[in-house]
Amino acid sequence: MKKMTMLLVLAGVATACVRNPYAATNKVYRRQANAFARQLQAQPAAPADSLPATPYWVGTVNFNLRKPNYVIIHHTAQKSTEQTLKTFAQTKTQVSAHYVIGRDGQVYHLLSDYLRAWHGGVARWGSITDINSVSIGIELDNDGAEPFQDAQLASLLKVLGSLKRAYNIPVANFIGHGDIAPTRKSDPSAQFPWQKLAARGFGLWYDAAVLTDTTAAPFASDSLGRPLPGLTPAKPCALSATTPRICPPPSAPSSAILCKLIRARP
Ligand SMILES: [Zn+2]
């Protein structure tokens with residue numbers, strides 16, 4: 001028993017020695033989260049003035065929190081995890097993500113999955129224009145040119161697995177920043193192993209047979225048939241040029257691959 005007490009004391013001392021350089025900004029996080037909690041607890045505002053008032057408020061007793069339904073994967077295009085953590089802890093940058101995964105596989109969970117991170121920017125996926133409101137953002141520490149590390153990918157798969165289970169996220173809803181903002185972004189880079197992820201149930205990949213399919217029509221619209229920003233039927237390869245995931249080998253009909261991927265979506 002004495003030995004156990006001593007071990008606990010030593011463990012406590014060791015923990016106390018790890019100074020958290022983000023103690024001050026963590027305080028800001030808690031303050032902001034508390035402000036949102038108060039907002040959630042408040043009685044909803046009365047409807048517009050022109051509507052007749054009800055005699056009393058009725059709060060339903062059946063509800064829970066809204067859940068994320070998409071996961072957007074990024075590379076940081078920075079030099080280190082530390083640099084990215086600092087970036088996300090400064091208000092002047094106005095950017096954030098829920099998770100940052102280091103090259104060594106260390107996972108930092110920066111924001112509750114139920115809160116909205118600022119990682120998508122101006123983006124669109126199908127008819128969704130507010131990607132940040134429906135998604136989890138994951139940043140992989142990677143400069144954009146280097147290969148992704150095995151330890152990092154192993155951690156990513158674990159995080160993706162737990163998100164998929166927790167929020168019942170469909171296979172096709174694991175996508176990249178380059179997919180939702182093809183004219184501005186290309187992350188995660190062409191080095192990212194989308195095919196491996198698709199084999200594990202995260203995101204889509206095309207069937208090799210599509211490479212011989214030259215019958216598919218040129219692709220320049222989203223799943224609802226509307227033109228994608230920056231793309232015209234005369235420029236069907238633009239999306240694949242900026243979205244490494246669906247960039248085909250030079251000899252392949254890229255538009256056919258794009259069509260196949262889109263058709264694979266539920
Ligand atoms: Zn990004």
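Colleague: Where do I start? How many helices and strands does the protein have?

Modeller: Start with the inventory, and keep in mind that the model is predicted. The protein has 9 helices and 5 strands. Read from the N terminus, the order of elements is α-α-β-α-β-β-α-β-α-β-α-α-α-α.

Colleague: What is the order of the strands in the sheet?

Modeller: Order in a sheet is read from pairing. Here the 5 strands form an open sheet in the order β3-β2-β4-β1-β5, and the pairing is mixed. β3 (107-109) and β5 are the edge strands, each pairing on one side only. On average, neighbouring strands of the sheet are turned by 25° against each other, direction ignored.

Colleague: In which sense do β1 and β4 pair, and over how many bridges?

Modeller: They pair in the parallel sense, over 6 bridges. On its other pairing, β1 runs parallel to β5 over 3 bridges. There Ile72 has Ile175 as its bridge partner, and Ile73 stands opposite Gly176. β4 also pairs with β2 in the parallel sense, over 3 bridges, with Glu139 of β4 as the bridge partner of Val100.

Colleague: Which residues have the most contacts inside the largest nonpolar core?

Modeller: The general idea is that nonpolar side chains in soluble globular proteins tend to be buried together. In this model the largest nonpolar core has 27 residues, and Val71, Ile72 and Ile138 have the most contacts inside it. At least two residues of this core come from each of β1, β2 (99-101), β4 (135-140), α5 (150-167), β5 (174-176) and α7 (194-199). β1 supplies the largest share, 4 residues.

Colleague: What is Val71 in contact with, beyond its neighbours within four places in sequence?

Modeller: Val71 is in contact with Ser135, Ile136, Ile138, Leu160, Leu163, Ile169, Asn173 and Phe174.

Colleague: What share of the 266 residues is buried?

Modeller: Buried residues make up 29% of the protein. For a contrast with the strands, look at α2 (23-41). This helix is hardly covered, and the count of buried residues among its 19 residues is 0.

Colleague: How do I check the length of α2 against its span?

Modeller: Compare the expected span with the distance between the ends. At 1.5 Å a residue, the 19 residues of α2 should span 27 Å, and the end C-alpha atoms are 27 Å apart, which agrees.

Colleague: Where is Gln43, and is it buried or exposed?

Modeller: Gln43 lies in the loop between α2 and β1 (70-75). It is exposed because it has 7 other C-beta atoms within 10 Å. Gln43 is 14 residues from Trp57 in sequence, and their C-alpha atoms are 8.0 Å apart.

Colleague: Which backbone details should I look at in the loops?

Modeller: Ala77 has phi near 60° and is in the loop between β1 and α3 (81-88). With 16 C-beta neighbours inside 10 Å, Ala77 counts as partly exposed. Asn168 has phi near 55° and sits in the loop between α5 and β5; Asn168 is exposed, with 9 other C-beta atoms within 10 Å. The peptide bond from Asp187 to Pro188 is cis, with omega near 0°. Pro188 is in the loop between α6 (177-180) and α7.

Note on methods:
Residues numbered from 1 in each chain as written. Predicted model: local features only at pLDDT ≥ 70, side-chain atom pairs only at ≥ 80, totals over all residues. Buried ≥ 20, exposed ≤ 12 C-beta atoms within 10 Å, placed from the backbone. Core = buried A, V, L, I, M, F, W, Y, C linked by C-beta atoms within 7 Å. Contact = placed C-beta atoms within 7 Å. Pairing = 2+ DSSP bridges. Expected span 1.5 Å × (residues − 1). Axes fitted to C-alpha atoms, helices over the stretch in contact; angles between N-to-C directions.
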